[in-house]
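Trainee: I am new to this structure and would like to go through it by question and answer. Could you show it to me before we start?

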Amino acid sequence: MAFFVARRLLYLLPVLIAVSLLTFSIASLLPGDLAYTILGDQATPENVAALRRDMGLDQPIWWRYLNWLGGVLQGDFGRSFRTGQTVLQAVAERLPVSIELMLLAQLGALGIGVPLAIICAARSGGPFDRFMTGTAFGMLSVPTFLSAILLIYFFAVELRWLPATGYLPFGEDPLANLRFFVLPSLTLALAEWPGIMRVLRSDMIATLQEDYIALAKAKGLPPARILFVHALKPSSLTLVTITGINIGRLIGGAVIVETIFALPGIGRLLIGAILTRDLIILQGVVLLVGAGFVITNFVVDMLYAVLDPRIRHGHS
Amino acid sequence: QKAGGSITVGLELDIPGFDPLKVGVYDTAALTASSALFDTLTYLDANGKPQPKLAVSWSSSEDFKTWTFKLRPGVKFHDGTPFNAEAYKANFDRQKDPANKCRCAFYISNVNNVQAPDELTLVYNLNDPSVNFPSLLISYANQNAAVHSPTAWKTKGDDYNRNPVGTGPYILKSWTAGDRMVLEKNPNYWDKDKVYFDRITLKPLPDAQSRFASLQSGEVDLIWDDEYDPDNIQKAQKDSKLAVHTYEGSGAVVYAFNTKTPPFDDVRVRQAIVMALDRKKWSQAITNGLARPASNPYGDGSWIKCKDDGALPEDVEKAKALIKDYGKPVEFKTLFTATPRGRANGQVLQQFWKRIGANMEIEQVDQATIPPRAFMRQFQMTPWRIVDFADPDTQMYANFKTGSPVALANYSNPELDKLLDRARTTADTAQRIEDYCAISRLINKEAIWFWAFQNTYYAISSAKVKGLPKMYSGVIDVSRAWKE
Amino acid sequence: MTGTTLLSVEDVIVDLPTPRGNLRAVDHVDLVVGAGRTLGIVGESGCGKTMLSRAILQLLPKKAKLSGRVMFDGQDLLQLSPEKLRKLRGRSLAVVFQDPMTSLNPVLTIGTQLIETLQEHLELDDAAATRRSVELLAAVGIPAPEQRLAQYPHQLSGGMRQRVAIAIALSCEPKLLIADEPTTALDVTIQAQILDLLAREQRRRHMAMIIITHDLGVVAGRTDEVAVMYAGRVVERAPTPALFKKMRMPYTEALLAALPKLDAAPHTPLPAISGRPPDPTRPLKGCSFSPRCRYALARCQNEKPALEAAETSAHQFACFHPIEAHADANA
Amino acid sequence: MATLELEVAEEAVTQPARKARRLGILFWVAIGWMTLVFAVAVFAPVLPLPSPTDMDMLERRAPFSMEHWLGTDGFGRDELSRLIFGARISLVVGLCAPVIGLTIGGALGMLAGYFRGRFESVVVGSMDVLLAFPPLILALAVTAYLGQSILNLTLILGVLGIPAFMRVARAATLTLARREFVIAAQALGATHARILLRELLPNVMLPLLAFFLLAVAVTIVVEGALSFLGLGVPPPISSWGSMIGEGRESLDVAPRLAFMPAAAMFLTVLSFNLVGDTLRALTDPRQGAL
Amino acid sequence: MMLRSAPSISSDALLEVDNLVVEYPVGSRIVHAVSGVSLQIARGETLGLVGESGCGKSTLGRAVLQLRRPTSGRVLFDGHDLTEMQGDALRLMRRRVQLIFQDPIASLNPRRKIGDIVAEPLVIAGVKDPEKRKQLVHEVLSAVGLDPTPVVGRLPHEFSGGQCQRICIARALILNPEFIVCDEPVSALDVSIRAQILNLLEEMKGRFGLTLLFIAHDLAVVKAVSDRVAVMYLGRLCEVGPSEQLFVKPAHPYTALLIEAIPMPDPDVRPAETVPVGEPPSPIAPPSGCRFRTRCPRADQRCSDEMPELRAVAPSQFVACHHPLI
Ligand SMILES: Nc1ncnc2c1ncn2[C@@H]1O[C@H](COP(=O)(O)OP(=O)(O)OP(=O)(O)O)[C@@H](O)[C@H]1O
Ligand SMILES: Nc1ncnc2c1ncn2[C@@H]1O[C@H](COP(=O)(O)OP(=O)(O)OP(=O)(O)O)[C@@H](O)[C@H]1O
Ligand SMILES: [Mg+2]
Ligand SMILES: [Mg+2]
């Protein structure tokens, strides 16, 4: 196990270096020179040249990359030219929002998807199963930017049950915080449960045909125990993979949902950074988000081992 | 008019900060905050007349090139340091200093220097005469006019940007990036009797639909809006619980031709392009008719009114003839922002020009790409905006004078240069109006830029919100408003 | 048939709808198992042995249609409510499947799988259930049973897993144990051990048992009675000694003859049964063995022989042309 | 050798069952819808439709009428015609992008699963890099750098799909590569290329195609999201996604503008998967053998 | 040396396996699948190989064909050392050596037509003419008792296990090999079908002059087809001898155990409960000395200290045991 962990951790490094290289080169290749953005109306060629020199933009790209990487290795991710915030400050402010959104959305999606998948699998081919399949594809066809606004109209404007937009830190007022998160996480959950349901359903159906399920029935176990204890766990490996990818993706922010619900998450930070060519923020955040993704993947691998003792004990 | 309570304002954009050296120019969202955080020397009353704020009185020299202001005594910054002429001068010098390369310096290019002869006296020395100076760049809390505490920016360094310190009626209490900024009433404000709310909360709500929904559901009391959200504005106008605030500004949304690249190196093509426009329909298509067509750079809100601005007629047949006359196929690209409004404008313009046989390709780019492309002249046609200015000089000069970095059309005409120079140095208003109208006629005839719509500013609030001043330059200033 | 009847299967039919049409997996089967007795069911792959056992356990695939009567201990299993049935399964009616690799849940420990059965039916507390699990594991010959409880199936060898499965089946002292090819997936040496274990436990607990296999050798020494199945039907049924002494059904004979003999010289051609069983979705009009039967006549192709008694009422076969002569299996 | 005569008479070998009958009505409805959508998409230019880009700026958001069967959109363009032309884009992008993922991801996954070792680590690692990189940034960067076009959009969506296809192909190859028919081919002296193409590809193709159908659905939807962010198809071209985005702005006044393209998308996505599921069940040897 | 004591009944050995070792790395550990096995198979002979699951039979078979490269040792086929061969040379040699698997259905590609599957060896061997290929495919399919015309166009799943095994045999025969490794070719088949296939293999052997290495775990089956039988336990050979002799007088306790465990289809033979309890040890950490000692009733200290070498106990019967039964 320790060996397993160590090897995975070692694997983190090259991936992160590749991510940072990719970010850096993409960021540097973006049209729209930072100098012009900063100078605006002042952008005479001389001013631009001078500013570029000041910011080191005239250096070769590999040199800039190494410089930046050197800083990163010392824990200095740099500062935004626009807001003066350091990357770490910016991420520290935004990350809790994205993580909470991600967690609640996953909870919602799993909360909807898993029970439905189990019911559909237990009654596969039946009318309920078919109906849910149709509903799932129906939900897939409603993009988040549409479902978000529909939810707002319904729950916030018509019923006035929940706030339409906004955010309060959890520490300040846990209840209000959760109220703010209901609609955004529901929006994401609505988009994600169909995938979860489809995947788990088909794995469940396969598992339910296994001999050990027949044996569990033959032992006279109650149906609930068979479904939840005997069938769910061995069927959930793909589910865990998918959830892992979703989580990794959502750490990088859910731009659309954050924009519509005005949540100050990583997604808006990233998009703001790219739209204002705030490359220091962009590079730093992408690197941190990438690390988050790799770590999630790592956790997912660990989870495999928890779920399946065969993996834990090195049998494939 | 009762004191107390609080207001929540939904703005469109996230505010990057307040340090002019960092952010360069305040956008509309920042202006709402800065007008609560900072004071300026003067402000404009409902009639557009300058009234004393930090300056209690002012006078000018004969040639209108030197303006002397008497400052209000006893004013303190939020950090307790005193406000005086020296502090004001420090603000100005910091922006003007070429070493700081501040974008903001552009707007004070006409000011040669600022002197602080004594504690409460401030002297502006201008390069060219300015008759209306007290109502110009010092009348609202933009990047140049907001007065910051020099101690604060010196001690806070990089962090000052997000921890601004002014003399204004409200103090920054807390600010979460991307989320809310909470301002609390300044208990030591010199004019605190006219300040009612205990607290102002500003939130960036980037999506127009959910912003309006937040107003409807009562989470915010007031929202910024623009005419590209016409359905909601019109809905609010009919709703007795809501109030629509609007200000018809000067300035306009404009488009610049790059006259150095074909096909726009030929004036016939440019004229045809302009004549093909039907601004009424255009406005109908994208704003339900809310947008006000523009035929010159000044707009109804400006004091420059021309009997003849030389606008080209909207005439499709004539345009077709001009294109035919040109003889070659007219094909070009226009930059648009990759936003719903960019796409909307692009598609409508494409339609107009298709009718006269000109083929326009929409090139969608993100907002950050447009300025560099414009400054590097890497475009055939680009959208631009003339912001509200009480005096057109700064912008007109920058936009059309040969050699200016912002003279996007790449157009050079000695007559135009002469007119621009004269208009800026003359003190006589009638003469200046005449000159600016001549400039408009010249530009319209040469069709180096064309005007789309005049700037109109919108805010929608709950009907209970009262006391909102006129939104000069689009500033939503809630610092002296109250709720019924 | 001596002793009281524990299980009687009466005219059971299992139909499986398939894309290619209805598949009759079990076709009018009658069987009786007395308390404490052992029945062997033998037949080729696909002849319906498993479907029959699942029909007894009421564990057929959802789409399967079952008719007939399955009387167990005085009640008709087909008429029982699911809840009652559940109480019966594992408690009085236990099963061991063919493949020990797949019949234990890979993600649950041996202990969990044993204890849950005990607690479900016997309402033991944790300590008692654990104690009893250890006893059970020891009884089926698993060394160091306490440690095994915390282990997962993959940590045990195939033979041990099958022992665990047997321990689970025995845990509530069932009245009937159905062993569906319990050793087919195992090695010869382990197979012998497992069969011995089953026989021993059966004697000790005095339970009835059904052993399903395709190997006549397995049933020979270990059953009281044998039923031979072919294409969904029981084609011959007799007390074990009688069957091997005097088999009447040509299929049974052919099955026995096809086994390689230890005492035959190498390279002796084996008397194989030509052809293969009929497609179960296209049942034949006559005897289903007739296309492969060397005694078949015209009547066999047109008429289905019924299961009839031979010398004794305990020996039944379904054939128009039974083998009259004494068929010496080792000839 | 009488026992050796194994008659392989016609019925002894399983007949491929009459497929048509067991497909069910839903399958045919789905096929019908897909055919319709494809047909109108292909023949859109020759159909007697109003131009999808011509605006009648004074006839905006007109209701259903003889002239405009499905009314007009926010710019007074014929909604039906935009839906049909939008189908072209949504289908082209929705099909082509997964094809990119399928070919590149499928090939990489097969090679990784077959050769294992260092090559596999490199492939898996680079896919992790691609996954770890926020997709939106990639999309923004590519459009900012290469410009906005259907081709670039397809490329972006295609590249973003590669890791998933790689995973599917690799997982399938890993299990298949240990199957005996692969070893049998090795024993016959088949080259790696031959084994990959002849033995593995036909088998890996099935899960890949099943995934492909899902990817088509997802791509059509994601294209809509990119359109919403201004990274989708360049105007005035319509796609279903961009139409939903535009329709969203007049949800209050004319909700149908958002819901009609969403419904088209739903029906198409559902049809694709219905047909996909049925075909997979049909071509699955195990099911067929029953 | 192993080689010198290696059993041999004929100098005309077609295949000679010499001290073959095959190991699988599993994580950080090593599975000793085959540990120093030496064998000879004469031209035209059938050598049966029995042993429990996991004892290394398949590994040995595959190592002979170089499908799994041995860790050490030599495999001489007709005088050529296969372990030294690479690339094309090996590929050419593979025409002469073929393999038939346990699971006939799994060893046919489910997505290719039978005609293509059977013709595949020809394609690989470079037979370009499709007519020629077709003709050969038809011939060989008829030889294994299948009617070629309806068969070639179908997919494997349309056939029963027995038919699939015939197809596999046809595929193995089409290049006229000299030597075939049959890796449990009948274990997955029904009793009735099994006899058909065993008979077919015997017939093909006569017709094509084949030499067979016949792997199975069922002694009775092995005996039916083999001239000689080799018994394997946990990667090592225990005993080699002519089949009849071995069954009548097994020398190794393990062989005896295997014979005893065969279920007899005779109700009068009550199975004796003498089988020792115990499972085969793990090939990752095999016992020292004699590998069978952990389950052997006769084991003593010597068995754990000293590894028994294969030695003759009777004419052409060899056993690796310190305490043989004869
Ligand atoms: N789930 C199912 N759906 C459809 N047909 C099935 C199903 N399971 C089994 N069958 C068919 O039912 C028939 C009887 O199968 P059953 O499993 O009872 O045979 P068996 O005698 O147990 O064979 P084996 O020795 O292979 O276990 C076979 O033709 C089989 O193909
Ligand atoms: N690819 C592999 N990687 C690791 N270990 C393996 C591999 N293949 C086989 N083994 C191990 O090597 C040993 C010998 O396996 P082999 O397949 O040769 O046995 P076998 O005698 O053929 O068994 P069976 O009768 O089950 O086919 C076993 O312990 C097996 O687990
Ligand atoms: Mg069975
Ligand atoms: Mg093997």
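Trainee: Over the face of which ring does E:K223 lie?

Mentor: This is a predicted model, in which local features need pLDDT of at least 70 and side-chain atom pairs count only at pLDDT 80 or more, while totals for chains, interfaces and linings use all residues. Residues are numbered from 1 along each chain as its sequence is written, chains are lettered from A and ligands numbered from 1 in the order in which they are written, and side-chain values use heavy atoms, with hydrogens and water left out. A charge sits over a ring if NZ of Lys or CZ of Arg is within 6 Å of the ring centre and within 35 degrees of the ring normal. At 5.4 Å from the ring centre, E:K223 lies over the face of E:F247.

Trainee: And over which ring does B:R94 lie?

Mentor: Here the charge belongs to B:R94, placed 4.5 Å from the ring centre. The ring whose face B:R94 lies over is that of B:W153.

Trainee: How are the planes of C:Y230 and C:F289 arranged?

Mentor: Rings of Phe, Tyr and Trp (its six-membered ring) pair if their centres lie within 6.5 Å, and planes under 30 degrees apart count as stacked, over 60 as edge-to-face and the rest as tilted. The centres of C:Y230 and C:F289 are 5.2 Å apart and their planes stand at 85 degrees, so the pair is edge-to-face.

Trainee: Is C:Y230 buried or exposed?

Mentor: Buried means under 20% relative accessible area, exposed over 50%, and partly exposed in between (1.4 Å probe, protein chains only). The relative accessibility of C:Y230 is 1%, so C:Y230 counts as buried.

Trainee: Which side chain has an N or O atom 2.6 Å from an oxygen atom of ligand 1?

Mentor: A polar contact is a pair of N or O atoms within 3.5 Å; within protein, one must be able to donate a hydrogen and the other to accept it, and residues adjacent in sequence count only if both atoms are side-chain atoms. An oxygen atom of ligand 1 lies 2.9 Å from a backbone N or O atom of C:K49, and another contact, at 2.8 Å, involves a polar side-chain atom of C:E181 and an oxygen atom of ligand 1. The side chain at 2.6 Å from an oxygen atom of ligand 1 is that of C:S45.
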